[in-house]
Amino acid sequence: MEKFIIEGGFPLFGEVTPSGNKNAALPLMAACLLTDEPVILHNVPNILDVRTMRALLESLGVEFTDLDEHTWKIQAKEVRPADLDPDLCRKIRASILLAGPMSARSGELRLPPPGGDVIGRRRVDTHLLALKKLGVDVSYDRYFYFRASGLRGANILLDEASVTATENAIMAAVMAKGESVIRNAASEPHIQELCHFLNLLGAKIENIGSNTLHITGVERLHGGEFTIGPDYLEVVSFIGAAAVTRGEITIRKAGPEYLDMIQLVFGRLGVHWEVRGEDIFVPREQRLTIEPDLGGAIPEISVMPWPAFPTDLMSIALVVATQSKGTVLFHDWMYPSRMFFTDKLVSMGAQIVLCDPHRCIVQGPTELYGEKLESPDIRAGMALVLAALSARGTSVIRNIGQIDRGYERVDEKLASLGAHIQRVRE
């Protein structure tokens, strides 16, 4: 195992470029199953979750060619519904994304239960309901069994705006006969990228970016070339790191068009940035004062489906709030274990009251002190890195394989900005 050793208290300065969006790369790779022609993907993040998805696809017969470190040629010329490695499926939640395209392409898939971050129950019922509407027969007996003999278009109302269920429904519907409407669809940037990618390959998807998608099925898709956009979660992580260390950085090719709501929420924590074309500039002068609600009431930051504030940034916002003056309530109703990492921040000196599994109150600013920590999941792990960067003294963060699942060479990027961070093998 590897760990980070971080000496805190050093402001970040300089320029950094984020990697490609992991949450776009995974469904785009799965969507390559829908065509037997070659597809070239640029800006593929070189991270563990992506490499795991590649291994799963290779076991299904998909061929990969490395054109460079971040550019792959992918061709699913011949696909076989092979038994997938349960250990690989347990590593990533995104293994469920194979269900839609494999049902459309081969009409058969035996899928071990998907894994991913341990942040509470993550239901797959919405996936199954959507695929059943399109004509997929689904059964479960310790494994998921998907069978289909020709998909048909359907009017689908998702019972929750699930990102991966929306992606599965889209990938199946583009090859279904007739018209499909997907209502209560999620609309995150990576879902929009998936739709644009599939249209590039010959799909017919309309109303992209809304919560009601109209899809006309096609008989086949062709090959193409596509560039994955920046990971907005990584972009905001760097914004938070600059703010809590009182630094000043420029984030190149940051995709600022997707950050409007996040900018509003971070503004309530006293953090602002400037948009300069495709770049984001985070100045050193930050107010870092929590903006109360009308009448001085304690404000609440709650997660909601896109385009509202995303759950994956709750951990980062929490750390920023520990360095901002005032009191704020955080509420994540989606996952019952998202807040459980706050005890690690409390051990560093943060003033946080965990009200219940979904809510906590943060009082700031408080000086944080170096501590020995354990990374519980991708987003909480990155939040602990931010806390360590702002803390007095040295912190040790173990289990950083969790962080590596979602952030490519984050220690090297932070070090290039002046952070005192080392990766050490235990």
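The following legends describe close-up views of a predicted model.

In this predicted model, local features need pLDDT of at least 70 and side-chain atom pairs count only at pLDDT 80 or more, while totals for chains, interfaces and linings use all residues. Residues are numbered from 1 along each chain as its sequence is written, and side-chain values use heavy atoms, with hydrogens and water left out.

**View A. Strand β5 and its two partner strands.** Helices (H or I, at least four residues) and strands (E, at least two) are DSSP runs numbered from the N terminus, and two strands pair if DSSP finds at least two bridges between them. Strand β3 (residues 39–42) runs antiparallel to β5 and is joined to it by three bridges, with Val 39 standing opposite Ile 74. Strand β4 (residues 63–68) also pairs with β5 in the antiparallel sense, over five bridges, and here Phe 64 stands opposite Ile 74. Two residues lie between β4 and β5 in the hairpin that they form. Because four of the five residues of β5 (residues 71–75) are buried, this strand is largely enclosed by the rest of the structure; buried means under 20% relative accessible area, exposed over 50%, and partly exposed in between, with a 1.4 Å probe and protein chains only.

**View B. Two separate nonpolar cores.** A nonpolar core is a set of buried Ala, Val, Leu, Ile, Met, Phe, Trp, Tyr and Cys residues joined through side-chain atoms within 4.5 Å. The largest has 76 residues, and those with the most contacts inside it are Leu 98, Phe 146, Ile 170, Phe 197 and Leu 198. Helix α1 (residues 22–31) gives the largest share of this core, seven residues. A second, separate core of 72 residues includes Ile 262, Ile 290, Val 319 and Ala 391.

View C. Contact means heavy atoms within 4.5 Å. When neighbours within four places in sequence are left aside, the residues in contact with Leu 198 include Ala 31, Leu 34, Ile 170, Met 171 and Leu 221.

**View D. Positions annotated in UniProt.** An unreviewed UniProt entry places the feature "binding site" at Arg 93, Asp 312 and Met 334; UniProt positions are given in the numbering used here, feature names are shortened, and annotations may be inferred rather than shown by experiment. Arg 93, in the loop between α3 (86–91) and α4 (99–105), is buried, with a relative accessible area of 15%. Met 334, in the loop between β18 (326–331) and α11 (342–347), is partly exposed, with a relative accessible area of 25%. Leaving aside neighbours within four places in sequence, Met 334 is in contact with Val 303, Met 304, Pro 305, Thr 311 and His 358.
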